[in-house]
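Hi everyone, thanks for coming. Let me put the model up on the screen, and then we can walk through a few spots together.

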Amino acid sequence: MAKRIVLTGGGTAGHVTPNIALIPKLRELDYEIYYMGSYNGIEKKLIADFDIPYYGIATGKLRRYFDVKNFTDLFRIVKGHSEAHKYLKEIQADIVFSKGGFVSVPVVRAAASLGIPCIIHESDMTPGLANKLCMQAAHKICCNFPETLQMLPEGKAVLTGSPIREELARGNKIAAYDLCRFTSNKPVIMVIGGSLGAEAVNKAVREALPKLLDDFQVVHICGKDKVDNLMLNIRGYKQFEYVKTELKDIFAMADLVVSRAGANSICELLALKKPNLLIPLSAHSSRGDQILNARSFEAQGFSMVIDEDYLTENLLVEKIHELYFTRQTYINAMSESSQLNSIRTITNLLEETLRDLQSGNK
């Protein structure tokens, strides 16, 4: 008899792509898969390609500060809980896996009220508010960083890493050389700053190009509307606003990666064992989670880090050269990580939880 799993998570792509990465293995294990997200969030668009029944629910955001929207959003959350409760009963779900975001809160809480076990996943080093609201109801809590284990309820925390799409490891570097019009006799730096790009990183990379191109080729995924039209014909430098199907090929080609430090992005670098230089989003522009993520990877020997506040053209060039000449040290450290088999670890947790449930163990 097929097992029914409900995946949930949304608000940003980072709360959806790890769920997508689990889908092939879940199908292999004979799960019937359903997705629960907001009515029209990014999760609905991303899941549309996978032939999975989608259930939209009302959702709201609880803020840590006073805002009149906290009152109106509370009603949306209550409505979302009621809808999730109804849909979970209709699906006859056996288990829920939540990747976080505020849409997941009513789903996890409704599942708990129905006695449906939930496994949740926290990407960042410090748990976000949505996952904090779900911890009590969770059977297990997966995380990406060793430091996070001490911040989670004892007996529930499991260091898993983040599920990474398996196709990312199956790139064709020759296809990427052709796409970028690069040669194979000069190392390649891949620069990626997230779907919206990273202004400070883009600026520093472009200022450093005259020095970098002496020794490297640079493929720059610079974000929507961030292509510099004055730099389109520079030999050894290729810009993209965004790449989708070609991303795996560019990863295969890259010798080094310069990146922001979002949790899913750096877990991809770890899984692919790519020597990397992280430039986390500054504390002025975020809650500081990228800085903590980057420092953890630096402490584990996986990454080199530059603080955005100190980023200059010369420092960037210096660190890239240093990273290139010590790259094998980083590859070796990443190869020894216990967070490399996240899909298998998480699906094993799901299977164990269902077996325990069937045998009457809690």
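Let's start with helix 7 and helix 11, which are oblique to each other (angles under 35 degrees count as roughly parallel, over 145 as roughly antiparallel, 65 to 115 as roughly perpendicular and the rest as oblique). Helix 7, residues 199-212, and helix 11, residues 313-325, pack at an angle of about 60 degrees, their axes 8 Å apart. Who makes the contact, meaning heavy atoms within 4.5 Å? From helix 7 we have Ala-204, Val-205, Glu-207, Ala-208, Lys-211 and Leu-212, and from helix 11 Glu-313, Asn-314, Leu-316, Val-317 and Ile-320.

A quick word on the source: this is a predicted model, where local features need pLDDT of at least 70, side-chain atom pairs count only at pLDDT 80 or more, and totals for chains, interfaces and linings use all residues. Residues are numbered from 1 along each chain as its sequence is written, and side-chain values use heavy atoms, with hydrogens and water left out.

Now to helix 12, residues 327-335, where Tyr-330, Ala-333 and Met-334 are buried (under 20% relative accessible area, with exposed over 50% and partly exposed in between; 1.4 Å probe, protein chains only). The buried residues of helix 12 pack against helix 9, strand 12, strand 13 and helix 11.

Last stop, the loops. Gln-92 sits between helix 3 and strand 4, has a positive phi near 60 degrees without being a glycine, and is exposed at 53% relative accessible area. Arg-181, in the loop between helix 6 and strand 8, also has a positive phi, about 60 degrees, and is exposed at 77%. Helices here are DSSP runs of H or I, at least four residues, and strands are runs of E, at least two, numbered from the N terminus.

Conventions
Axes are lines fitted to C-alpha atoms, for helices over the stretch in contact, and angles run from 0 to 180 degrees between N-to-C directions. Contact means heavy atoms within 4.5 Å.
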